[in-house]
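Here's a quick walk through a protein model with its ligands. Have the viewer open and follow along.

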Amino acid sequence: MDTRIEYRTCHLCEATCGLELHLDGREITLVRGDRDDVFSKGYLCPKGTALKHLEADPDRVRRPLVRNDDGSFREVDWDEAFRVIDAGLTRVREQYGNDALGVYLGNPGAHNLAALVYSRVVLQAARTKNVFSASTVDQMPKQVSAGLMFGGALTIPVPDVDRTDYLLMLGANPFESNGSLMTAPDIPGRLRALRARGGRFVVVDPRRTKTADESDEHLAIRPGTDALFLFALVHVLFDDNLVDLGAVADAVTGLDEIRALAAEFTPEQVAPACGIDAATIRRVAHDLATAPAACVYARIGTCTQEFGTLASWLVDVLNVCTGNLDRPGGAMFARPATGTTRSGPAKGRGVTFGRRSSRVRGLPEFYGELPVVCLAEEIETPGDGQIRALLTIAGNPALSTPDSARVDAALATLDFMVSVDIYVNETTRHAHVILPPEPELARGHYDLALYSLAIRNVANYSPPLVELRPGEVPEWRTLLQLAGVLQGMGPDADVDALDDFVVNGLVQKAVTRPGSPVEGRDPAEIVAALCDRRGPERVLDLMLRVGSYGEGFGACPGGLSLAVLEARPHGVDLGPLEPQIPDVLRTATGMIELAPGACVRDVERLRTRLARERDDHAMVLVGRRDLRSNNSWMHNINVLVKGKARCTVHMHPDDARRLGVADGAAVRVTSDAGEIVLPAEVTDAVMRGVVSIPHGWGHAQPGVQLTTATRHAGASSNALARADLFDPLSGNAVLNGIPVELAPAG
Ligand SMILES: Nc1nc2c(c(=O)[nH]1)N[C@H]1C(S)=C(S)[C@@H](COP(=O)(O)OP(=O)(O)OC[C@H]3O[C@@H](n4cnc5c(=O)[nH]c(N)nc54)[C@H](O)[C@@H]3O)O[C@H]1N2
Ligand SMILES: Nc1nc2c(c(=O)[nH]1)N[C@H]1C(S)=C(S)[C@@H](COP(=O)(O)OP(=O)(O)OC[C@H]3O[C@@H](n4cnc5c(=O)[nH]c(N)nc54)[C@H](O)[C@@H]3O)O[C@H]1N2
Ligand code: SF4
Ligand SMILES: [Mo]
């Protein structure tokens, strides 16, 4: 065996761990954590190791597939695939207009350099308002609150975990998920280190999770009531004179409005709804305010719920009011290597939503996309502007989005569908054409998106490690080819020319941006100086060179470029986070907007939550994640799914007894949207009145070509999620806190 050792950043979750790969030709023989990685220092999880099996999975789509009339697929060459796509998409768009094409972008695209750079080009060419993504079943509320408060969709503060003394964490389980909107490899180690240095962390979650088990304190909260709890914390800060804005005081507007709004949310008022007693709420507020450095962090459980944006907003209101925003050990902003720095307060344009709205329900657009809770109805409802064709890129809405059975049925009615994907799964089985990306190891990797949310400033580029084989086409070329089709250039547009066009546009922007290190330079000279490679690497090189630490095409010698990163396979550590206010602010006032109008107006809706009667026997559904899973698409890897079934219904022993459900027995879970049957797992780790089911399961469907996953099929928890339940401020789906009924099955 001829083994060589290579290094690569893992693309499977947000933690960006460095992997040490042992390769024999194209085959991965061993995966280890890269001990020299500047960020992860050898940490990895079981999914990182499973990369080996993912790359070798015999079920993976390796050549373009075209669907036959009987539903089976046949392999075709790329030319034929694009001829079919051109015919199919052009027919629909010519007959019904551009909005007749819907686009859905899935989560793996956020971990994929090609998709991050070129999906945008596809969207521009598509000229459709019907753009959807996994963001509105995920973090859209945080992006909306960050946009309203700080002025940018990604101006999201992250917890400075390595230096904080007190971390209040809501609706997140990083011991399983490895962190989200917080790029932090080895988060378990970092949280243990926080405690070892005398700090504390407190977990607020309806379930006693693995993270809660390792914390100093677990507060079981009734699903969907985080905004009430957070408001009560703010209330105590004002009541007990604990508000101190610290260094950002001069950059804050709206404090008096917050004080007034919080007045009515006393700990005593909210305690019955939240299930957390008033004394505890007061104590937590004091702990938060008096810790030398503290931070509030919240994730999926607080976003994918009824008051997602309010909860996301109040998290940062607390960070500001305790003087912890933008200070070491508090909630800070990353300064990514591909970002651009500006100095001094500058007014931005802020954010505007609702420039378009969905056809059927009239839901507003957020950051250029429509809420995915609208997808099925836009396909089903006849009339002008109906979606008749769909393009999915790395997405599985048939399992990941609310009312999943209805979404699935809607996909089956499309006139034409194209998927860029690695599997024939619940979604892509409906596609007329499936286009596979190249093997992961055959492409370069750089976490363009995740480094802007990192808890340390880091840059790490991973080069392709294996050559392409005949018939394999890089995903970036596929995306540009699709853009060519959508531009009306036919099935064989000149991809290199399109790529040059993209790069020229970006260079033009760089030379005209005030304060850019290449401001006023000749664009042709910049283009010529870029690395000679095509595709996303060339774009990355440009971004790095004109970025915050860039060499500026000679203007800042010693700075970063792609070449510099290529010479550093374990990454470059750019240091701990540093204060960045006011530089990062892009609001219209140039200030931190503590009380944005949209949030203030939504408080009325929160009030009604307080008045809601509580029925002691009412049950609500929440989700959960498992370390060995990744949303819907890693269940085909035997080492990850073997052993105890994971797709089970967690329920409290008291509820199980009352409902006559035995541990391990089948239980029927019903909501207004649908019903599923799964084994019960009786455990006091979940609070009374709450059941928990993981999402992304439900693989036993005709035509799904996932040999292992269909043997561990489970059921789709999103069959229970209702498309009419969403957070109005962000359009985000409500996936936690769904009313359900349970009964023994069979
Ligand atoms: N009930 C409930 N539902 C949820 C959630 C929840 O907590 N509860 N979580 C939500 C969240 S946070 C998210 S992010 C969404 C995810 O929603 P989606 O992104 O729609 O779903 P995934 O399961 O991530 O599916 C990813 C798809 O990408 C394909 N894929 C994998 N790698 C590649 C690649 O390199 N290239 C291409 N082209 N395709 C690839 C996979 O085969 C799969 O089809 O699910 C959401 N749904
Ligand atoms: N192993 C693994 N890792 C993953 C993924 C995966 O599927 N598997 N998915 C990746 C993706 S796309 C994302 S977005 C991240 C998500 O990362 P996390 O946000 O850490 O996600 P979860 O582990 O689902 O944790 C959410 C927690 O919220 C709790 N919760 C539910 N409802 C409420 C509520 O109303 N209030 C509060 N306070 N808590 C509530 C749930 O019980 C759960 O423990 O994980 C990423 N990493
Ligand atoms: S924690 Fe995430 S990035 Fe690290 S090895 Fe596991 S899946 Fe990969
Ligand atoms: Mo996600």
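This is a predicted model: local features need pLDDT of at least 70, side-chain atom pairs count only at pLDDT 80 or more; totals for chains, interfaces and linings use all residues.

Residues are numbered from 1 along each chain as its sequence is written, chains are lettered from A and ligands numbered from 1 in the order in which they are written, and side-chain values use heavy atoms, with hydrogens and water left out.

**Domains**

The chain is split into domain 1 (1-56), domain 2 (59-128 + 371-447 + 461-493), domain 3 (141-344 + 590-604), domain 4 (495-570) and domain 5 (615-744); these bounds come from an automatic or database domain assignment. Taken over C-alpha atoms, the centres of domain 2 and domain 5 sit 28 Å apart. Between them, 21 residues of domain 2 are in contact with 28 residues of domain 5, contact being heavy atoms within 4.5 Å.

**Ligand sites**

A residue counts as near a ligand if one of its heavy atoms lies within 4 Å of it. Ligand 1 has 30 residues around it, and the closest are Tyr 104, Asn 107, Asp 421, Glu 475 and Ser 632. Ligand 2 has 32, with Ser 177, Asp 205, Asp 226, Ser 629 and Asn 631 coming nearest. Here are some of the polar contacts, meaning pairs of N or O atoms within 3.5 Å; within protein, one must be able to donate a hydrogen and the other to accept it, and residues adjacent in sequence count only if both atoms are side-chain atoms.

| Residue | Ligand atom | Distance |
|---|---|---|
| Asp 421, side chain | ligand 1, oxygen | 2.5 Å |
| Asn 425, side chain | ligand 1, oxygen | 2.7 Å |
| Arg 443, side chain | ligand 1, oxygen | 2.8 Å |
| Ser 177, side chain | ligand 2, oxygen | 2.7 Å |
| Leu 627, backbone | ligand 2, nitrogen | 3.1 Å |
| Asn 631, backbone | ligand 2, oxygen | 2.7 Å |

As for ligand 3, the residues around it include Cys 10, Cys 13, Cys 17 and Cys 45. Its shell divides into 7 nonpolar, 3 polar and 1 charged.

**Two buried residues**

Asn 396 sits in the loop between β15 (389-393) and α16 (397-400). Asn 396 is buried, at 5% relative accessible area; buried means under 20% (1.4 Å probe, protein chains only). Its side chain makes polar contacts with the side chains of Glu 426 (2.9 Å) and Thr 427 (2.5 Å). Leaving aside neighbours within four places in sequence, Asn 396 also touches residues including Tyr 104 and Ser 632.

Thr 478 belongs to helix α18 (residues 475-486) and is buried too, at 1% relative accessible area. With neighbours within four places in sequence set aside, Thr 478 is in contact with Trp 78, Phe 82, Leu 435 and Val 473.

**Helix α7**

Which residues of α7 are buried? In this helix (residues 187-196), they are Ile 187, Pro 188, Arg 190, Leu 191 and Leu 194. Seen down the axis of α7, these buried residues fall within an arc of 165°, so they line one face of the helix. Their cover includes β9 (166-170), α6 (174-177), β10 (200-204) and α8 (210-213). At the N-terminal end, Asp 186 provides the cap, with a side-chain oxygen 2.8 Å from the backbone nitrogen of Gly 189. Just after α7, Gly 198 takes a positive phi of about 95°. Helices (H or I, at least four residues) and strands (E, at least two) are DSSP runs, numbered from the N terminus.

How values were computed: Buried means under 20% relative accessible area, exposed over 50%, partly exposed in between (1.4 Å probe, protein chains only). The arc is that of the directions from the helix axis to the C-beta atoms. Ala, Val, Leu, Ile, Met, Phe, Trp, Tyr, Cys and Pro count as nonpolar, Asp, Glu, Lys and Arg as charged, and the others, Gly among them, as polar.
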